[in-house]
4 protein chains.
Amino acid sequence: MSDFFGNIEPIKFEGPDSTNPLAYRYYDANRVVMGKTMQEHLRFAVCYWHTFCWDGADPFGQSTMVRPWIGQSDEMAAARLKAEVAFDMFSLLGVPYFAFHDRDIAPEGATLAESNRNVQAIVDVFEQKIEETGVGLLWGTANIFTNKRFMAGASTNPDPDVFAYSAAQVKNALDATHRLNGQNYVLWGGREGYETLLNTDTKRELDHMGRFLNLVVEYKHKIGFDGTILIEPKPQEPTKHQYDFDVATVYGFLKKYGLENEVKVNIEVGHAVLAGHSFEHEIEMANTLGIFGSIDANRNDYQSGWDTDQFPNNVPEMTLALYYILQGGGFTTGGLNFDSKLRRQSIDPADLLYGHIGGMDTCAKALLCAANMIEEGSLKSLVEDRYAGWNTEAAQAMLSKESSLDKIAERVEREGINPQPKSGRQEYCENLVNRFI
Amino acid sequence: MSDFFGNIEPIKFEGPDSTNPLAYRYYDANRVVMGKTMQEHLRFAVCYWHTFCWDGADPFGQSTMVRPWIGQSDEMAAARLKAEVAFDMFSLLGVPYFAFHDRDIAPEGATLAESNRNVQAIVDVFEQKIEETGVGLLWGTANIFTNKRFMAGASTNPDPDVFAYSAAQVKNALDATHRLNGQNYVLWGGREGYETLLNTDTKRELDHMGRFLNLVVEYKHKIGFDGTILIEPKPQEPTKHQYDFDVATVYGFLKKYGLENEVKVNIEVGHAVLAGHSFEHEIEMANTLGIFGSIDANRNDYQSGWDTDQFPNNVPEMTLALYYILQGGGFTTGGLNFDSKLRRQSIDPADLLYGHIGGMDTCAKALLCAANMIEEGSLKSLVEDRYAGWNTEAAQAMLSKESSLDKIAERVEREGINPQPKSGRQEYCENLVNRFI
Amino acid sequence: MSDFFGNIEPIKFEGPDSTNPLAYRYYDANRVVMGKTMQEHLRFAVCYWHTFCWDGADPFGQSTMVRPWIGQSDEMAAARLKAEVAFDMFSLLGVPYFAFHDRDIAPEGATLAESNRNVQAIVDVFEQKIEETGVGLLWGTANIFTNKRFMAGASTNPDPDVFAYSAAQVKNALDATHRLNGQNYVLWGGREGYETLLNTDTKRELDHMGRFLNLVVEYKHKIGFDGTILIEPKPQEPTKHQYDFDVATVYGFLKKYGLENEVKVNIEVGHAVLAGHSFEHEIEMANTLGIFGSIDANRNDYQSGWDTDQFPNNVPEMTLALYYILQGGGFTTGGLNFDSKLRRQSIDPADLLYGHIGGMDTCAKALLCAANMIEEGSLKSLVEDRYAGWNTEAAQAMLSKESSLDKIAERVEREGINPQPKSGRQEYCENLVNRFI
Amino acid sequence: MSDFFGNIEPIKFEGPDSTNPLAYRYYDANRVVMGKTMQEHLRFAVCYWHTFCWDGADPFGQSTMVRPWIGQSDEMAAARLKAEVAFDMFSLLGVPYFAFHDRDIAPEGATLAESNRNVQAIVDVFEQKIEETGVGLLWGTANIFTNKRFMAGASTNPDPDVFAYSAAQVKNALDATHRLNGQNYVLWGGREGYETLLNTDTKRELDHMGRFLNLVVEYKHKIGFDGTILIEPKPQEPTKHQYDFDVATVYGFLKKYGLENEVKVNIEVGHAVLAGHSFEHEIEMANTLGIFGSIDANRNDYQSGWDTDQFPNNVPEMTLALYYILQGGGFTTGGLNFDSKLRRQSIDPADLLYGHIGGMDTCAKALLCAANMIEEGSLKSLVEDRYAGWNTEAAQAMLSKESSLDKIAERVEREGINPQPKSGRQEYCENLVNRFI
């Protein structure tokens, strides 16, 4: 074990009354809820990206966090140290999964081939660590947005060589994910969009992005990867406008390129909010459209207009999210990852633990609340009752192929249909939810 | 001619130097631009809704505007007066089109049948007015959001009787539109969404909305209406969340219900902004997805979070919009309507004219600027050059069915592909645009 | 007792496990928390405005709620019925206070004098009701924004007659508030701002508004009213820009016109959010500036850009608010009012009760959480420790009149001051707060 | 001359018809407008910060721009090269002013003393360059936000040593500004605010910030610096909440600490927008409150929630800003600086020129439009007429000390005052403005 976290013992469940800041008050991995353990339900994952790669720099300020693996001259040694600390942390927290971008885990080389070799060397380390610890890979992904070659997009770049380079890099990252038995492979299009429409051919770019995603899916099948391909929607930032704006936009894109049965979404709380939606909206929309995959629990600060990527801390909000996830059948290959960013002033190693502990406890408590809501069933009944009129033959007939506007109009006149409004009972519903929190 | 507007003469084109507030400085209906007259390009329409039906009330204040057709006991006489004034105004302005909701033009009756008769009576008036004046109908629509029976949705209402009632009402409005040789028929789903997810079955609601739209399309074909069916996207307001959030969302919805070749979009400036997009984004996205139909030129105040529906007044912004519309081929059945709302304090009849004159002149000047940009061609060339690399065989091969991630990866390695970034030249492009304004 | 609410019994505290939707689960009026009863801490008030005057109309829809006192021909009889139902509701809920605008309680007459007489007649009713029930008046206010005479402002109107009219109306409302032993008198400047800068003389308008507020304060003293004068900040809506944008803006205004010791703020959750702040920010800023007065607990929907005025339902958020209120010493003349609006679809009388019960329970639970946080004291200690360095003599010397930039600069060089960052521990703090919720 | 810009000739005015991207179409420095040259009116300044120090990195991407003075081992040599290129650029553009942060111009040393020496060495270079070129310093400032020691604030840091360090650094920057005959000295409180209220003592922090600003003002007088001290308001970013939220907030702060006659504001377009205001609002509010100083013309992208710092390109918007600036008397010590950021993809040296040329031309054209509006006078007359009622004795009497609510109320009753609304004519005003653009 590295000495990065000092003498901290593995985080244990101590119950709601514990005042130990390094204990779980709600996350009790093996506690059974609705027939599965909390661990099986929540499928927590820690991410390399913000947890091990962010150093506290922001657009107005330099690095604040001392990370012994950042800024070292022997980059591969640093990458190994980073992996060591990462698995220490997974063990301290007791999470079942982790997740990474290729460039998070290993340094970029002078050529793509060298970069790939660097990735593979760390994947070797991971294989061993996974065997030792039982921690699995929730998803892998390729960072095709940080290097300046991607500044105008990866698959949507005006330069076809960038498309090619991106394809090659994704192939390698997908191979690595497959080798590590990843549950999913994620694509986040941070540069797939535009800074200005003026210089952009959106038709070409969408077609290229559609072809690219098909290439990924075809390759997945070719190599026998049975994880899920996930797109992570985000409306903007870093680009002014990203093509994967939100769940509904991604759905339209998948339909356009024939991929709606192949690709699902990885929904982030903060991205939902930046797109003008609630998190539960995005989840339920994905359920409705049949593309729910996984979630990134990072919330946004409601007063900030950029992606703040904070650990969740509001139980009522997370309860609604988990209610809709559970109603939709829960996670299959997906899980709940934190790709959360400490606040820039949270510079101590322990802050990394506080962030994850707080986030996990928020989700665990929310799971209990959501499960109670489901088991009690009142809210679901209320919704079913509200639509019960649709279960009649006459109602269903309107939805059939045989109906037509004029036939319906005749019936309205004949039967003197004059519908009266019924209370939507929103406040009642909100109070009902609060009973379970 | 009614005396509502007093002694005002028809608004004439007087050129940029005119200081007459009741003259056009740019809109010269018969001026030919890129092979068509301004009138043919812009296809202006005045809308009943905000122009003749809004009385200045807002959520915190009572009516401010004295309209002799509002609040009268003989509602049908008032409706006839309103029609009289409306056509006076179309003539004063010299617009080629108008547009309406069924409930804008005639009072709601005690039954749907009576409401329908009221509508038909005014449609009779319209037929004659259209014949007299040559003004045409850009689009008709049904108001299925104001009456309290629609408070929980029209086609998405939990009560199937509301679905039926809505179908019957739309049938009548579509018949009226057809009879008046309307160029389009619009659906705006102001109540098709939810106030709270808690009481909502989104799957049912989307399926019902999809079936409803199919009913409309089927009926259109049945009666031989050859106008275009248009959906007007809006993210929210009055409901917390509307299903037709934006162009991309509507596209996904159309694909899901097999309607992407039957239905197009009517894009409003202010709705685009409320959804987190620029207006030109929504236009270009509709072009790209093949569903561009028509526009509502109402802008939003950038500091207000609700739909302010103001007349456009910023030429550079409207220039970009018209540039993308022209690049996409211009309007076919669509046009440019103002469903703009005077400010609540603009209580004089003349204010109605100032609003429309200013809006029309803004669009006319923008048309000239956009046409110049297109005829000069530099911006288009710059974009084509930026993507020129894609015109090579190697680039196109990557997009073909035969390509694969691994083949591309091999080529990257073999050829040592290492793409170098090129300037996106955004400021250059912006300056270029400013040359034409 | 009127029959508006049917057979509903007074709402009782039944404890957290109650499943009765018409019971309190947390609000136990006489429970003592930190030395005061819940009732004394929270000082709940029900407001006439949204509770009894709103009928469900919105900018796109007609009235949905049947209220037997709305739309009656005998308006004074209706006003008496409304008062009857209002006091029934105060009794059912067991709230200690209510609040009103003058035009909420009595119809506008043909002249101001008649309007005043109408108000006074209902004030007579209130006097008796107050004596019978023990319910008190938290605040009164004048509605100087709904009538069209105020469309361009009340005290800031370009027409001095509107200033005069507003002054006269406020005099009467303040007299009424005084007569009913109101704890506060509120001014909300819904029309004090502008729709467009183009037609506005902001210097004149601010000076007029400053003089107006001084007139109110002078009159308060003249009549011996010892309640607090409160301004309710709001950034916009109905006007594009209101002068009382937020707490900090109001503070500057009060300083400019010499009123910072005379006037305090009534902070609304939703208004804080619309101004780009968190609710607790506005409370703590008011504490810091010495102008904290009262609160309106109406939250905003985070995805809506207009004032949604919903009942609070998120305990963690309200806990922070109450923590800062208690830390600042709690309410004195102020209280916690709900000027909340049912959702437009919540059309049953019982919905009014559900809304208030849910809101009161949210606040009551939040009070318990906040009190626990304060009594436990960790968060406060953490903050004090963070600033402990400032308790040294050297630190305080820098703040004294004798210090200067050059003396400090000399000391920095002499002592080689080179400060090292310390963790801000945000995640730790957030977890700490969650321990009390 | 350095070879950074290659063979580019000084940018010349070529008139509106020029198609030369490296020429001014509107900025004609010596053209006289309303009695002063364009140069005297606009007082353009180029800023070091984004122009010479930003390298294209963003939170998701690495540096994209090759700047020969970034990343060099001999940092002082690099700083000299940077100064060389900077003055080359000032000369190419023909701007009269520049502006800088201390850390922009010279590297941070191991100690503050060393940092100060580095600054002074470059100030020596500047002195000579200024003498050679005639370019002056619009303002200087200290960067007390980038180094991690400032992560929790400079003057508002919980650690008094950071306050001391900041004071010492500001002293040096103010000395440098004084030595270079700076027209103003700016303070931007990028870290003066909080990430979370939970760990923050806002009362202490505001008091410290107030004392700090007094120290700066006292020192300014002590050394005889007769430039203006400016605060640059910004609502947030990098911190969640900054104390200098907007103009009105800064005004209240200045009043609280007795500085309203000593300190003015430097208003940035984009910051105004992020705070929920229009740019012209902030200017006119500063005029009204008597604290207008200078402007930063960087606009924000309306769809981005963070500070995009783009060059202005919308003439109508900038026209309104300049109209209010001119109406307020124009700049005195202030000026119009661009602290604009190229888009990350604009990586060529020429892009720096395109950005500034476009921004300057936008402002120059806007100046012409605004001057025409003022000289023509219609808008001003319209506003004066709107308030003309206030010029009567009766109206003024209400504003005098002798008036009272009850006297006014008596008069309202006696005279039967019943004000009638008049049109606010917003659309008319907007059309009027468009006549000058």
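**Exercise 1. Strand pairing in chain B**

In what sense do strand β13 (residues 292-296) and strand β14 (residues 336-338) of chain B pair, parallel or antiparallel, and over how many bridges?

Solution. The model is predicted: local features need pLDDT of at least 70, side-chain atom pairs count only at pLDDT 80 or more, and totals for chains, interfaces and linings use all residues. Residues are numbered from 1 along each chain as its sequence is written, and chains are lettered from A and ligands numbered from 1 in the order in which they are written.

Step 1. Strands (E, at least two residues) and helices (H or I, at least four) are DSSP runs, numbered from the N terminus. Two strands pair if DSSP finds at least two bridges between them.

Step 2. β13 and β14 of chain B pair in the parallel sense, over two bridges. B:Asp296 stands opposite B:Asn337 in β14(B).

Step 3. In chain B, β5-β6-β7-β8-β10-β12-β13-β14 form a closed barrel of eight strands with parallel pairing. From one strand to the next, the twist averages 30°.

**Exercise 2. Two helices of chain B**

Describe how helix α8 (residues 247-256) and helix α10 (residues 279-289) of chain B meet.

Solution. Step 1. The two axes come within 9 Å and cross at roughly 25°.

Step 1. α8(B) is therefore roughly parallel to α10(B) (angles under 35 degrees count as roughly parallel, over 145 as roughly antiparallel, 65 to 115 as roughly perpendicular and the rest as oblique).

Step 2. α8(B) contributes B:Val247, B:Ala248 and B:Tyr251 to the contact, and α10(B) contributes B:Glu282, B:Met285, B:Ala286 and B:Leu289. Residues are in contact if their C-beta atoms, placed from the backbone, lie within 7 Å.

Step 3. By class, the contact has six nonpolar residues, no polar and one charged. Ala, Val, Leu, Ile, Met, Phe, Trp, Tyr, Cys and Pro count as nonpolar, Asp, Glu, Lys and Arg as charged, and the others, Gly among them, as polar.

**Exercise 3. Chains A and B**

What rotation superposes chain B on chain A, and how many residues of each chain are in contact?

Solution. Step 1. A rotation of 180° with 0.0 Å of shift along its axis does so, at RMSD 0.0 Å (by least squares on the C-alpha atoms of residues with pLDDT of at least 70 in both copies). The two copies are thus related as by a two-fold rotation axis.

Step 1. B:Gly252 has the C-alpha of chain B nearest the axis, 1.8 Å from it.

Step 2. The same surface serves both copies, as 100% of the contact residues of chain B recur in chain A.

Step 3. The contact takes 80 residues of chain B and 80 residues of chain A. The side of chain B has 42 nonpolar, 17 polar and 21 charged residues.

**Exercise 4. Chain D**

Which residue of β6(D) is the bridge partner of D:Cys47?

Solution. Step 1. Strand β5 (residues 44-47) and strand β6 (residues 97-101) of chain D pair in the parallel sense over three bridges.

Step 1. The partner of D:Cys47 is D:Ala99.

Note on methods:
Two residues are in contact if their C-beta atoms, placed from the backbone, lie within 7 Å. Axes are lines fitted to C-alpha atoms, for helices over the stretch in contact, and angles run from 0 to 180 degrees between N-to-C directions.
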